[in-house]
Amino acid sequence: MIIKANCKINLGLNVLRKREDGYHELETVMLPVEKLYDVVEVERIESGVVFEGVGIEVDCPDDKNLCVRAARLMQERYNIGGVRIKLDKRVPFGAGLGGGSSDATAVIMAINKIYNLELDNSTLASLAAELGSDTPFFVYNRAMLCKGRGEVMEKIDVDLSGLWLVVAKPEGGVSTAEAYRGVRPATPETPLIELLKRPIDEWQGCVKNDFEPHILAAHNDIADIKKAFLDAGAIYASMSGSGSAVFALFGDKPELSLPTDIFVHVERI
């Protein structure tokens, strides 16, 4: 079974407070990026988990890859047989795009199909949540207002149809530890969902990502991408998640002047 495991962007991200369990309470809207995806191939074998990775090289051992962890979780929970996984990695990691989370969810959903487990979306999302905070989002893969650690989701409507989306990532990444180390939790005066109801050309001044101030201050390459987007006439530009990818929305297909050594994806929504 072959799945196109698309990534996501965050429209706004508020870090509200640190919880007693050590996680942070978040408020964000996640939106799927349909044409930027990894290709995940999953098939039944007699036993074990066999993993092959091609494309972008991921900086972790195969046995720690989220795809492998997802397969082992399903084996432990449902006593199924073996799984062979081939991951063609196209979405950059360390980017705040959720590529690894999407891959893991793809494996869970594929195993559900190929082993005829007939699990519903709620159960699949609960399983995915054991592997990461944003992983359950990819079960539903539509615009969602996400709270808690990101796993508490509510369907919303966000219409960006006709706009151009550009995603760019510099060579370096941003670790989750670095992102949270510099953030200052606070409850905004206006809930994110209310801000997103405003016209898109008003978002730039009010729809914010709480990770941006300290990350952009520490990483000139990320800050330069956002500035280049705004200088090129972006309606809205923001870092996605905890970075290091930055995305922008344009009314027309933009002409951009970006370094040639960075990852760039362009699609019409």
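Trainee: Which residue is the bridge partner of Met239 in S9?
Mentor: Before we start, this is a predicted model in which local features need pLDDT of at least 70 and side-chain atom pairs count only at pLDDT 80 or more, while totals for chains, interfaces and linings use all residues. Residues are numbered from 1 along each chain as its sequence is written, and side-chain values use heavy atoms, with hydrogens and water left out. Now to S8 and S9, which run antiparallel and are joined by four bridges (two strands pair if DSSP finds at least two bridges between them). Across from Met239, the partner in S9 is Val246.

Trainee: What is the phi of Gly241 in the turn between S8 and S9?
Mentor: Strands here are DSSP runs of E with at least two residues, and helices are runs of H or I with at least four, numbered from the N terminus. S8 and S9 make a hairpin, with six residues between them. Gly241 sits in that turn, and its phi is positive, at about 55°.

Trainee: Which residue stands opposite Leu165 in S9?
Mentor: S9 also pairs with strand S7 (residues 164-169), in the antiparallel sense and over five bridges. Opposite Leu165 stands Leu249.

Trainee: How many of the five residues of S9 are buried?
Mentor: In a regular strand, side chains alternate between the two sheet faces. In S9, Val246, Ala248 and Phe250 on one side are buried, and so are Phe247 and Leu249 on the other (buried means under 20% relative accessible area, exposed over 50%, and partly exposed in between, with a 1.4 Å probe and protein chains only). Strand S9, residues 246-250, is mostly covered, and its count of buried residues is five.

Trainee: What is the relative accessibility of Asn79?
Mentor: Asn79 lies in the loop between H1 and S4. Its phi is near 55°, a positive value in a residue other than glycine. Asn79 counts as exposed because its relative accessibility is 70%.

Trainee: And what is the relative accessible area of Glu118?
Mentor: Glu118 is found in the loop between H2 and helix H3 (121-129). Glu118 is another residue other than glycine with a positive phi, near 55°. It is exposed, and its relative accessible area is 74%.

Trainee: What is the angle between the ring planes of Phe137 and Phe138?
Mentor: The whole structure holds five aromatic pairs (rings of Phe, Tyr and Trp, its six-membered ring, pair if their centres lie within 6.5 Å; planes under 30 degrees apart are stacked, over 60 edge-to-face, and the rest tilted). Phe137 and Phe138 are both buried. Their pair is edge-to-face, with 5.1 Å from centre to centre and an angle between the planes of 80°.

Trainee: How many residues apart in sequence are the parts tied together by the pair of Tyr180 and Phe211?
Mentor: The ring centres of Tyr180 and Phe211 are 5.0 Å apart and the planes are at 85°, so this pair is edge-to-face. Tyr180 lies in helix H5 and Phe211 in the loop between H6 and H7, so the pair ties together parts whose separation in sequence is 31 residues.

Trainee: Which ring lies under the charged end of Arg149?
Mentor: A charge sits over a ring if NZ of Lys or CZ of Arg is within 6 Å of the ring centre and within 35 degrees of the ring normal. The charged end of Arg149 is 4.6 Å from the centre of such a ring, and that ring belongs to Tyr23.

Trainee: What volume of space lies in the largest pocket?
Mentor: On a 1 Å grid over the protein atoms alone, a pocket is an open set of points where a 1.4 Å probe fits, with protein on both sides within 12 Å along at least five of seven lines; lining residues have an atom within 4 Å of a point. The largest pocket is lined by 44 residues, and those nearest its centre include Gly98 and Asp134. Its volume, the space filled by probe spheres set on the points, is about 1,100 Å³.

Trainee: Which strand gives the largest share of the lining of the second largest pocket?
Mentor: The second largest pocket has a volume of about 370 Å³ and a lining of 20 residues, with Asn14 and Cys206 among those nearest its centre. Helix H6 (192-195), helix H7 (212-218) and strand S8 (236-239) each supply at least two lining residues. The largest share, three residues, comes from S8.
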